[in-house]
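Reader: I have a structure open on my screen and would like to learn how to read it. Could you walk me through some features, with the general idea before each case?

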Amino acid sequence: MKGELKDLKLVVNGKPYELKVKPKALLVDVLRKDLKLTGTKRGCLESTCGVCSVIVDGMAVRSCSILALQVNGREVTTIEGLSEGGKLHPIQEAFVNHGAIECGFCIPGRVMVAKALLDENPNPTREEVRLAMQGVLCADSGYVKQIEAVEIAAEKMRGGEGR
Amino acid sequence: MTARKKKEVSKPTVLLREEEYSIIGKPIPRVDARAKVTGEAKYAADIEVADMLWGAIKRSPYPHARILNIDTSKAERLPGVKAVITGKDFGGFKWGWSRETRDEEPLAVSKVRYLYEGVAAVAAIDEDIAEEACELIEVEYEPLAGVFDPFEAMKEGAPLVHEDRPGNICVEYHWNFGDVEKAFSESYLVREDTFQTPRMAKGYLEPPAVVAYWTDSSHLTVIPAKGSPYFPYRILANCFNLPLSNVRIIQPFIGADFGGTKNDMVACDFAAPMLARKAGKPVKIVYTMFDELTTCLRRHPMWITIKTGVTKDGIIKAIQTKVISDGGAYTRMSPLSNFLTGICMTLPYHLPNFKTDVYCYFTNNPSSAAMRGHGIYHTRFAGDVQLDMIAEELGIDPVEIRLRNAIKNPKPGEIYETINKLTLATCGIEECIEKAAEAINWKENKARQRVKGNKAYGIGFGCGTYLSGTKLSGHNACAALVRICEDGSVNYITGATDVGQGSDTVTCALVAEVLGIGLEDIDIKRVDTVHTPVDPGTYGSRVTVLAGEAAINAALDAKRQLLEVAAREFGVKPEDMDIKNKKAFVKSNPEMSIPWQRLVRMACYTTPGMVIIGRGQSSRGITTYGLADFTTGIGNIGTNYSFTAHAQEVEVDIETGVVRCTDNSVIAHDCGFPLNPPAVDTQVVGGAYHPGVGAALYCEFKMDKGLTLNPNLVDYKLPRAYEAPMTRVIHVITKDPFGPFGAKEASEGSTCTAPPAVINAIHDATGVWIKELPAKPEKVYWALKEKMEREKK
C-alpha cells in the first residue's frame with residue numbers, strides 16, 4: 001500500500017488547503033492528523049458507526065470510508081466549522097440545551113448529519129429525522145433527546161434565527 | 001412479611017429543604033456539553049504530543065498455543081521503527097483484579113490463551129510502519145487444544161487454560177440463606193427453568209487509546225481512555241516499579257465506558273509506556289474497532305437455572321439458582337461479576353429463603369468482565385421472566401404478582417433488611433410498578449385485540465434493581481477539594497471520572513448549591529493523579545453517590561472557612577450565617593449581608609489573608625452497615641439501591657419472527673431524587689433502556705472455537721435511531737438518606753429491566769417463551785413454528 005505522496009487541494013471550513021497525502025490516506029485521517037481537526041472522531045473505520053461524519057459539498061459523508069484524494073477540489077465542513085465567532089449553530093445549541101449529550105463521542109458526527117438533513121429539508125418529519133440519525137450510533141444518551149434536539153433546531157432555523 | 005426487620009437509621013444531615021434548592025433538582029446544562037458539541041473536547045485518540053511515535057500490537061493467530069520463540073530482528077531493521085518489545089521486557093510482571101488473581105501478563109510470554117492476544121509491540125514514526133513491522137515479527141507457536149465454552153471446560157481431562165487451575169474453575173460461590181428445601185416442600189407451585197444470556201460487547205464507540213511518555217527515567221505520564229484512571233495509576237506503578245508519586249495519569253474525555261475494558265487494562269495500556277521508555281519518545285496506540293470487538297472485555301455469557309417456590313397466591317417462598325458462566329481466558333473481574341449474580345437476588349421482591357451455586361470457568365475466549373447492570377442483569381432477567389411464567393400458571397396478572405411480592409418502602413427512620421443483610425432505607429419499587437402500569441394503561445392494553453394481520457402485539461413487565469455507591473473493599477474512600485480563587489471563582493478538584501453519565505455536572509452542581517453560588521462559578525479540574533485526590537473509579541454506580549458526598553463535604557468545609565470571616569464582620573457566630581444567591585447573610589436578619597466576591601476578597605486579602613481550600617471525604621461507602629462478605633454472600637454491596645419498573649409493548653411479525661419494540665413504553669424509576677432530571681432521563685433511556693433493547697433483541701457475539709464471527713457493528717447489531725423506541729420516564733422520588741440530597745444510582749438497574757419486559761411482551765403477544773437472549777428473528781420464528789405444530793396435535 002505504499003505510494004508516492006499526491007497533491008490534494010481542498011477547502012475545509014471555508015479555508016483552502018494544499019497538502020501532500022498518501023494515496024491510501026482516508027479523509028478522516030487527513031482531517032485529524034494533517035489539519036489537526038480532531039473534532040471529527042475516528043470510530044469503527046468501516047462505515048458502521050458514523051461518528052466520523054462530515055459534510056462534503058452539502059452531503060453527509062463518513063470520512064472513514066472515503067479517500068482524502070476523492071475530495072480533491074471539494075468543500076468539506078467539519079464540526080469545527082459550524083459555530084461562528086464562538087456562537088453555536090442552532091443544532092449545537094439545541095443539543096446542549098436539550099440535554100442530548102452524554103459521553104459526546106458521536107455528537108460531532110451526529111450534528112453534521114443533522115445539519116446536512118436540515119440544509120436539505122428544513123421541515124423534516126420525525127420519521128425523516130430518525131432515518132437520518134440512523135447512520136450514527138449512540139452508546140449512551142439514547143436517541144430520544146437527540147431526535148427532539150434536531151426537531152427543536154429545525155424549528156428555530158425555520159424561524160430565521162439560524163443561518 | 002416476617003423476615004422484614006426494622007432498624008433505626010442514623011439521622012442524615014439535612015443540608016437544605018427541597019424548596020430552597022436553587023440548582024439541583026432542576027434541569028442543569030451539562031458542564032462539558034459545549035466542549036463536546038464544538039469538537040473541542042479531547043479524547044485520548046485526539047491527544048498529540050511533540051515527537052510522538054505510533055505503536056501497534058502484534059497479536060496471536062491461535063486461541064491457545066505455547067510461544068516457542070519470538071524473533072523481532074526483521075522488525076527492528078525496518079526503517080522508521082524506533083522500538084520493539086515482547087512480553088519478556090516486563091520482567092515476569094503479572095497483574096490482575098486482586099492480589100490473588102494476578103494471572104495475566106501485559107503481553108503473553110510463554111502461552112497465549114485467547115485469539116489475537118498480544119505477544120509483542122512496535123513503535124515507529126507512523127502507524128503504517130508500526131503495523132508493517134508487526135508483520136515482520138516472527139513468532140513460533142505450538143498450537144494447543146482449547147476449551148471454548150464452560151461445558152467443555154468443566155469436563156474431566158479438558159485442556160487447562162491455566163495449568164495451575166484444575167478443572168478450569170475461575171471462581172465459585174455457594175451461599176445458603178434460610179431453608180430452601182423446606183420452603184419448596186411447603187410451596188403450592190415450584191418451577192425450574194434455565195435461561196441464557198449471551199456474550200456481549202460494551203457498545204461504546206471510542207475504542208481504547210493511550211498516549212504515554214516519560215518526562216525523565218523515573219516519571220511516567222499516561223493519557224489513557226480509562227473511566228477509572230486510578231486503576232492504571234496503581235497497576236503501572238507496580239509494573240514499572242515506580243512510587244505512586246511518579247505516576248501521572250491524566251484523564252481525557254471518555255467516549256463511554258460501561259465497565260470492563262475502560263476501567264481495566266488492555267495490552268496497549270502497558271505497551272505504550274514500555275515502548276516509550278525503550279524509544280525515549282512519547283508513544284500513542286489507538287485500537288481499531290476490530291481490536292476492540294475481538295480482544296477487549298465482554299459481558300459474561302451465563303446459563304442460569306432458577307427454581308422458585310410460591311404460594312397459591314403467588315407469594316415467593318424460596319429461590320434457588322445455579323449459575324454457570326464463561327469467564328474467558330483470564331480472571332479479570334469474574335470474582336465480582338459472579339458474586340453480583342447472587343447478592344441482589346433478594347431484591348426487589350421479598351425473599352425469605354435463597355440458595356445459590358455459582359461456577360465461572362476459564363475458556364480460550366477473550367476475557368469476560370463487568371458490564372452495565374453488572375452480574376445482576378443475568379439473574380434478574382431469569383427471575384423476572386420466570387415470575388411471569390409462574391403468574392400465568394397461577395392465573396395471576398403479571399403486575400399483580402409483582403405488587404404482591406414487592407418490597408415495601410420502609411417508613412422514614414426504618415430499614416428493610418434482606419435475608420443476606422442488604423439494607424434499604426428506601427425502596428420505591430411498589431410505586432414504580434403502579435405508575436408504570438397506570439401510564440401504559442396496563443388493564444386496557446391487556447384486554448384489547450392482539451393480532452392485526454401478520455403482526456401480534458403484546459405488553460410485558462420487568463422490574464430491576466441495582467446498587468449505588470458500591471462498597472467493594474476497605475479502600476473505597478474518595479475525596480474532593482474546593483479551592484476558592486481570590487476573585488470568587490471556584491475550582492472543584494476531583495479524582496472521579498465522568499464517562500458520560502453526567503457526574504461532572506452533578507458534582508459541580510452540588511458544590512455550587514452548597515456554596516450558594518452559580519454553576520457557572522465552578523470550574524472542574526478532572527483527574528490528573530499528581531494533583532487530584534485518589535478515587536476508586538467509575539464503576540458500581542458509585543460516582544454521584546460517593547464522589548458527590550465528597551464534593552458536598554469539601555464545599556461545606558470551604559463555606560465554613562468563609563462564614564467564619566463573614567461572621568466576624570457582623571459580630572455573629574458562623575452558624576448564624578448562610579450563603580445563598582451569591583450573598584452571605586445573617587439568617588435572622590438577611591439585610592445584613594456581603595456579596596460573595598467581596599467576602600472572598602476579604603477572606604483572601606485581609607491581613608494576614610487566607611488561602612481557602614475546602615477538603616471533603618466520602619466515608620459512607622465504608623462506614624454504613626459494613627462491607628459485603630464474598631465468601632458467604634452476606635452484607636451490603638451498595639450504599640443504597642435504585643429500583644425500576646418497565647412496561648413495554650412489542651410488535652411481533654408472526655411470519656418472520658422479527659420483533660420490534662414500539663414507542664408504547666414506560667420506565668418508572670426510583671433514583672431517590674433526580675439531581676439533574678434530564679441527565680437521569682438520558683441515563684435511563686440511552687445508557688440503560690436502548691442497550692437493554694439491544695440485549696433483548698440484537699446483541700450477541702457469535703463464536704467459533706475462540707474466533708469472533710461478527711466483529712463489526714453491523715453483524716453485531718446495536719439499536720439504531722430507527723429501532724430505538726421513544727420511551728417515557730417517570731421519576732419516583734424516595735429521597736434516600738444515604739445519598740447526596742437523597743440520590744441513588746440511575747441506569748444500571750434500569751438496563752436490567754428491558755430484557756425481561758421484552759421477553760414477557762413477546763410471550764404476551766404470541767404465547768412463546770424465549771429463554772435464551774437475544775430474541776433474534778430466527779429464534780422467535782422457530783419457537784412460533786414449534787408452538788403451531790404443538791397446537792395442531
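Author: Gladly, and we can begin with strands. Helices (H or I, at least four residues) and strands (E, at least two) are DSSP runs, numbered from the N terminus, and two strands pair if DSSP finds at least two bridges between them. Before we go on, note that this is a predicted model: local features need pLDDT of at least 70, side-chain atom pairs count only at pLDDT 80 or more, and totals for chains, interfaces and linings use all residues. Residues are numbered from 1 along each chain as its sequence is written, while chains are lettered from A and ligands numbered from 1 in the order in which they are written.

Reader: In what order do the five strands of the open sheet in chain B come?

Author: Strands of a sheet pair through backbone hydrogen bonds, either parallel or antiparallel. Here the order is β7-β15-β14-β13-β8 (chain B), and the pairing is mixed. β7 (169-177) and β8 (189-197) of chain B each have a single partner strand, so they stand at the edges and one side of each lacks a neighbour in the sheet. On average, neighbouring strands of this sheet are turned by 5 degrees against each other, direction ignored; for such angles, axes are lines fitted to C-alpha atoms, for helices over the stretch in contact, and angles run from 0 to 180 degrees between N-to-C directions.

Reader: How many bridges join β7(B) to β15(B), and do they run parallel or antiparallel?

Author: There are eight bridges between β7(B) and β15 (residues 354-362) of chain B, and the two run antiparallel. To find the pairing on your screen, look for Trp175(B), which stands opposite Thr356(B) in β15(B).

Reader: Which helix lies across β7, β13, β14 and β15 of chain B?

Author: That is α9 (residues 334-343) of chain B, running at about 25 degrees to β7(B). For contacts, the rule is that the C-beta atoms of two residues, placed from the backbone, lie within 7 Å.

Reader: How many residues does each chain give to the contact between chain B and chain A?

Author: Chain B gives 46 residues and chain A gives 42. On the side of chain B, α1 (33-38) and α18 (677-697) each supply at least two residues, and the largest share, eight residues, comes from α18(B). By class, that side has 25 nonpolar, 14 polar and seven charged residues. Ala, Val, Leu, Ile, Met, Phe, Trp, Tyr, Cys and Pro count as nonpolar, Asp, Glu, Lys and Arg as charged, and the others, Gly among them, as polar.

Reader: Which residues have the most contacts inside the largest nonpolar core?

Author: A residue is buried if 20 or more other C-beta atoms lie within 10 Å of its own, exposed if 12 or fewer, and partly exposed in between, with C-beta atoms placed from the backbone. A nonpolar core is a set of buried Ala, Val, Leu, Ile, Met, Phe, Trp, Tyr and Cys residues joined through C-beta atoms within 7 Å. The largest has 321 residues, and Ala271(B), Val511(B), Val758(B) and Ile762(B) have the most contacts inside it. Helix α15 (residues 543-570) of chain B gives the largest share of this core, 14 residues. Leaving out residues up to four places away in sequence, Val511(B) touches several residues, including Val482(B), Tyr492(B) and Ala555(B).

Reader: Is helix α1 of chain A mostly covered or mostly open?

Author: Mostly covered: six of the eight residues of α1 (residues 27-34) of chain A are buried, among them Asp29(A) and Arg32(A). β2 (15-21) of chain A is part of what covers the buried residues. Just after α1(A), look for Lys36(A), which takes a positive phi of about 60 degrees.
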